[in-house]
Amino acid sequence: ILVKAIAEAILLDWKGAEGPNGDVPYSKKLAEQALMNDESFRDFGMTFSMDLANFKEEEREYEGNS
């Protein structure tokens, strides 16, 4: 459940994810696989999602465009 939540709500629009063939575009399936297979990546996603400061800039940008 946690992996699905992180994949659907936190990892959207990921940038800089690289695979053996270059940049990896976001997809829910790939995000879930990465989270299931890499404990440190999963821990990063959980830690990032708990720090509200990570979302403040995006919120300010959204409010500025309204």
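View 1. Touching, or contact, here means heavy atoms within 4.5 Å. This is a predicted model in which local features need pLDDT of at least 70 and side-chain atom pairs count only at pLDDT 80 or more, whereas totals for chains, interfaces and linings use all residues. Residues are numbered from 1 along each chain as its sequence is written, and side-chain values use heavy atoms, leaving out hydrogens and water. Leu35 sits in helix 2; helices (DSSP runs of H or I, at least four residues) and strands (E, at least two) are numbered from the N terminus. Leu35 counts as buried because its relative accessibility is 0%, where buried means under 20% relative accessible area, exposed over 50% and partly exposed in between (1.4 Å probe, protein chains only).

**View 2. The buried residues of helix 2 (residues 28-37) are Ala31, Glu32 and Leu35.** They lie on the same side of helix 2 because they cover an arc of only 95° around its axis; the arc is that of the directions from the helix axis to the C-beta atoms. An α-helix has 3.6 residues a turn, so residues three or four places apart point the same way. Turn to the other side of helix 2 and you find Lys29 and Asn37, which are exposed. Cover for the buried residues of helix 2 includes helix 1 (2-9) and helix 3 (39-50).

**View 3. Glu32 is found in helix 2.** Is Glu32 buried or exposed? Its relative accessibility is 17%, so Glu32 counts as buried. Leaving out residues up to four places away in sequence, Glu32 touches Val3, Lys4 and Ala7.

**View 4. Val3, Ile6 and Ala7 are the buried residues of helix 1.** An arc of only 95° around the axis takes them in, which puts them on the same side of helix 1. What covers the buried residues of helix 1 includes helix 2 and helix 3.

**View 5. The largest nonpolar core has seven residues: Val3, Ile6, Ala7, Leu11, Trp14, Ala31 and Leu35.** Helix 1 and helix 2 each bring at least two residues to this core. Which helix gives the largest share of this core? That is helix 1, with three residues.

**View 6. Tyr26 lies in the loop between strand 2 (22-23) and helix 2.** With a relative accessibility of 26%, Tyr26 counts as partly exposed. Its contacts, leaving aside residues within four places in sequence, are Ala7, Glu8, Leu11, Leu12, Asp13, Trp14 and Ala31. Tyr26 and Lys15 are 11 residues apart in sequence, and 8.2 Å lies between their C-alpha atoms.

**View 7. Asn21 has its place in the loop between strand 1 (18-19) and strand 2.** Asn21 is exposed, at a relative accessible area of 79%. From Asn21 to Asp43 it is 22 residues along the sequence and 25 Å in space, C-alpha to C-alpha.

**View 8. Stepping back, the chain holds four helices and two strands.** The elements follow the order α-β-β-α-α-α from the N terminus on. The C-alpha trace spans about 35 × 25 × 15 Å along its principal axes. The chain has 66 residues, and 14% of them count as buried. Of the contacts in the chain with a separation of 6 or more, 45% come from residues 24 or more positions apart. The chain exposes about 5,400 Å², with carbon and sulfur atoms supplying 54% of it; the areas come from the Shrake-Rupley method with a 1.4 Å probe. As for charge, the chain has 7 positive and 14 negative side chains, and the centres of the two sets lie 6 Å apart. Lys and Arg count as positive, Asp and Glu as negative, with His and the chain ends not counted; each charge is placed at NZ of Lys, CZ of Arg, CG of Asp or CD of Glu.

Notes
Core = buried A, V, L, I, M, F, W, Y, C linked by side-chain atoms within 4.5 Å.
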